[in-house]
Number of protein chains: 2
Amino acid sequence: MRALVIHGGAGVVLARMSDSDRAAYDESLGRTVDAGFEVLDKGGMSLDAVTTAVRMLEDDPLFNAGHGAGLTRQRDAELDAAVMDGRDQRAGAVACVTHIKNPVVLARRVMERSAHVMLMGTGAEEFALEQGMALMPGRYFRTAQRLAHVDSLQRGEDFPDVVPATQGTVGAVALDTAGNLAAATSTGGLTNRLPGRVGDTPIIGAGTYAKNGVCGVSATGEGEFFIRSVAAHHIAAAVEYRGLPLRDAVSELVHRILPGLGGLGGIIAVGADGTIVTEFNTQGMFRAERDSSGRRVVAIAR
Amino acid sequence: MRALVIHGGAGVVLARMSDSDRAAYDESLGRTVDAGFEVLDKGGMSLDAVTTAVRMLEDDPLFNAGHGAGLTRQRDAELDAAVMDGRDQRAGAVACVTHIKNPVVLARRVMERSAHVMLMGTGAEEFALEQGMALMPGRYFRTAQRLAHVDSLQRGEDFPDVVPATQGTVGAVALDTAGNLAAATSTGGLTNRLPGRVGDTPIIGAGTYAKNGVCGVSATGEGEFFIRSVAAHHIAAAVEYRGLPLRDAVSELVHRILPGLGGLGGIIAVGADGTIVTEFNTQGMFRAERDSSGRRVVAIAR
């Protein structure tokens with residue numbers, strides 16, 4: 001069994017999306033899930049499939065990660081990402097990097113080539129340079145739309161936020177033929193937030209988690225609530241230790257625990273048998289899924 | 001029932017401690033647990049008791065947190081801390097702050113006076129200034145012993161590390177008369193590490209967790225392994241959902257799961273009934289505990 005699910009953020013305001021907006025998102029999500037699934041179809045690792053998919057979403061200005069990231073109140077892009085390998089619970093994460101084109105690639109370098117799990121800020125960028133990665137100027141990340149968004153929030157105006165910039169994240173979870181699960185998540189963070197704020201994305205157990213034989217999970221939404229509920233690990237623990245079906249474990253988190261704390265968002269997950277679960281308590285979640293049974297879904301609304 | 005347990009790091013090399021070293025650690029741990037317990041005895045909140053205790057340990061150069069923090073390979077102190085309130089799973093954390101005398105106090109401000117859970121670096125310090133907190137010069141944190149330690153590591157020399165600088169952390173967990181649990185953890189991090197490295201201390205669910213009716217947990221040790229195992233939340237989930245006694249849940253984590261990943265360290269925890277558990281897979285762990293039954297223990301070795 002091979003399976004890949006991706007998300008591009010929860011919290012969509014459907015009424016604000018034009019037909020051409022929807023078509024653009026559908027096209028990007030479909031292209032990304034196909035490219036990631038091709039890695040699996042060629043016998044590649046789930047870790048490579050999720051890295052490929054998240055890197056594509058980081059490069060696409062439609063989504064709040066990498067190029068097109070949400071901006072802080074200082075108008076800077078501060079990027080967070082994490083990746084986890086279900087084989088051995090190895091993990092890598094970066095937070096508050098400002099010059100890294102693909103934070104998910106740097107997170108993977110941290111996992112594979114450092115003794116650490118998490119690096120942040122200029123220290124993470126020093127490590128990137130030592131790894132031979134090039135830095136990007138900060139302006140690469142700032143799109144006209146994100147600048148307009150942060151400016152309108154600072155003027156106290158409403159903004160026709162068709163792109164889920166405030167709660168957006170991108171992520172991917174995959175199962176490969178060898179039975180290995182992997183998960184990756186990347187974000188530009190909340191628009192107009194305090195500089196230095198870190199959400200759930202780079203927090204292993206909150207926004208990202210994977211364990212072979214159990215499940216892989218990637219979250220999107222109001223990160224503070226996913227941190228407080230240790231969301232991704234809560235789901236994995238419910239599957240592993242309480243014997244809950246993955247669908248029920250995800251549903252409990254999204255529809256009972258998160259609302260109990262007051263949190264909005266969504267979850268994508270893949271079980272050890274390749275079951276794909278997508279769940280959200282917002283109006284929509286950008287998502288796409290594909291598996292080796294031939295199933296292929298691209299969706300935004302419920 | 002009132003209970004308080006504190007730790008000052010695991011991984012002690014007992015043979016390297018003189019009698020006067022031991023006396024100094026015993027005195028400091030005893031004074032700290034008494035001061036924190038006095039908060040509980042006066043009817044105060046567990047949140048105040050753990051903040052008081054961790055602040056005292058941050059101020060004491062014997063321990064790797066605040067003044068006397070372990071230094072990066074650039075000879076800087078980069079401090080991490082977290083606090084969690086078991087009543088509602090509210091949490092606050094700071095990472096990589098370099099001018100904050102008491103990171104645990106700033107973590108609590110993040111919890112109580114911001115919309116966020118985690119702030120890092122200069123953004124966290126900007127928030128501190130907005131909160132009216134003074135910044136300290138970086139040299140306040142660097143003691144002669146920690147400078148000598150990082151220098152000796154960089155020369156490739158052995159160092160008589162009586163202070164557990166390499167794996168040190170400080171933390172506290174408490175239960176107050178109202179039945180509220182709280183946990184707090186603070187660290188200077190690994191000596192001679194890459195700048196920007198973040199361990200488990202400020203990661204909610206890894207190094208710090210508290211939930212009323214379940215348990216409070218603070219970890220110390222090789223942080224990467226506590227992140228990968230989502231250690232503190234693993235223990236809480238085992239108690240809440242698998243019905244394991246707290247002692248068994250802690251023991252499983254410390255003696256089975258951590259060694260399975262190759263990790264060293266220890267855990268302190270308090271159950272909803274006031275049961276105190278301290279467990280470690282290292283030679284020793286600096287710790288002290290006190291409860292309303294009159295029990296008072298200060299210990300380093302097993």
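Where is the place of His7(B)? His7(B) lies in strand 1 (residues 3–10) of chain B, helices (H or I, at least four residues) and strands (E, at least two) being DSSP runs numbered from the N terminus. The model is a predicted one, in which local features need pLDDT of at least 70 and side-chain atom pairs count only at pLDDT 80 or more, while totals for chains, interfaces and linings use all residues. Residues are numbered from 1 along each chain as its sequence is written, chains are lettered from A and ligands numbered from 1 in the order in which they are written, and side-chain values use heavy atoms, with hydrogens and water left out.

With a relative accessible area of 0%, His7(B) is buried (buried means under 20% relative accessible area, exposed over 50%, partly exposed in between, for a 1.4 Å probe and protein chains only). Residues up to four places away in sequence not counted, His7(B) touches, among others, Leu57(B), Thr169(B), Ser218(B), Ile268(B) and Phe286(B), contact meaning heavy atoms within 4.5 Å. The C-alpha atoms of His7(B) and Val33(B) are separated by 9.5 Å, the two residues being 26 residues apart along the chain.

Phe286(B) also takes part in an aromatic pair with Phe63(B): the ring centres are 6.1 Å apart and the planes stand at 85°, so the pair is edge-to-face. Rings of Phe, Tyr and Trp (its six-membered ring) pair if their centres lie within 6.5 Å; planes under 30 degrees apart count as stacked, over 60 as edge-to-face and the rest as tilted. Phe63(B) is in the loop between helix 2 (46–59) and strand 2 (79–85) of chain B, and Phe286(B) is in strand 12 (residues 285–291), 223 residues apart. Phe63(B) is buried at 0% relative accessibility, and Phe286(B) is buried with a relative accessible area of 0%. Over all chains, the count comes to eight aromatic pairs. In the pair of Phe63(A) and Phe286(A), the centres are 6.2 Å apart and the planes at 85°, so this pair is edge-to-face. Both Phe63(A) and Phe286(A) are buried. Ring pairs join Tyr25(A), Phe63(A) and Phe286(A) into a cluster.

Helix packing was examined in chain B. The axes of helix 7 (residues 231–242) and helix 8 (residues 246–261) of chain B come within 9 Å and cross at roughly 140°; axes are lines fitted to C-alpha atoms, for helices over the stretch in contact, and angles run from 0 to 180 degrees between N-to-C directions. Residues of this contact include Ala231(B) and Ile235(B) of helix 7 and Leu246(B) and Leu253(B) of helix 8.
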